[in-house]
Amino acid sequence: MTVSRGFVLALLGSLWIGAAIAMDSQEPLPSVPRSKPVNLQVLPKDMSAARVGKLMKRFEQDLGVKCSHCHVENPQTQKLDYVSDENPRKQTARVMISMLTDINDKYLAQLGGDRRYSVPVTCGSCHQGQSNPPAFEGKWR
């Protein structure tokens, strides 16, 4: 049986998001609205509020930040406005999520079944719990 490349890429993309959600499935959900998510631009538009909440919790852990790092507070309600695009960090996060999707779906997928080199990349792969990734200080020959 032959499997199309498109199917494999779609499967890997789903696995990346699924892995990110599953890795912190024991964590309680952050206090996010339970209504249908609005203004999803890089995440699947049909993603449930619970899944978005778990994924955002994972992003918080990977970057060592709180929701307010990317989301602005509504001055009237004093609550985070998850829909607003006013915080430029939110657009940066979208670019980074798209980059991760490309790395996992386009490039790592080309390595086939060799799990040593095709483990999905997450925000934590580079950020290591810090809002700005630490500089790599390896020794070059």
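Trainee: Is Ser-84 buried or exposed?

Mentor: A residue is called buried under 20% relative accessible area, exposed over 50% and partly exposed in between, with a 1.4 Å probe and protein chains only. Ser-84 has a relative accessible area of 12%, so Ser-84 is buried. This is a predicted model, where local features need pLDDT of at least 70 and side-chain atom pairs count only at pLDDT 80 or more, while totals for chains, interfaces and linings use all residues. Residues are numbered from 1 along each chain as its sequence is written, and side-chain values use heavy atoms, with hydrogens and water left out.

Trainee: Which residues does Ser-84 touch?

Mentor: Contact means heavy atoms within 4.5 Å. Not counting residues up to four places away in sequence, Ser-84 touches Val-72 and Lys-90.

Trainee: Where is Ser-84 found?

Mentor: Helices (H or I, at least four residues) and strands (E, at least two) are DSSP runs, numbered from the N terminus. Ser-84 is in the loop between β2 (80–81) and α3 (88–107).

Trainee: How many Å should helix α2 span?

Mentor: The expected span is 1.5 Å times one less than the number of residues. Helix α2 (residues 49–63) has 15 residues, so it should span 21 Å, and its end C-alpha atoms are 21 Å apart, which agrees. Its buried residues include Val-52, Leu-55 and Phe-59. Gly-64, with a positive phi near 65°, follows α2.

Trainee: What is the relative accessible area of Leu-111?

Mentor: The value is 41%, so Leu-111 is partly exposed. Leu-111 lies in the loop between α3 and α4 (123–127).
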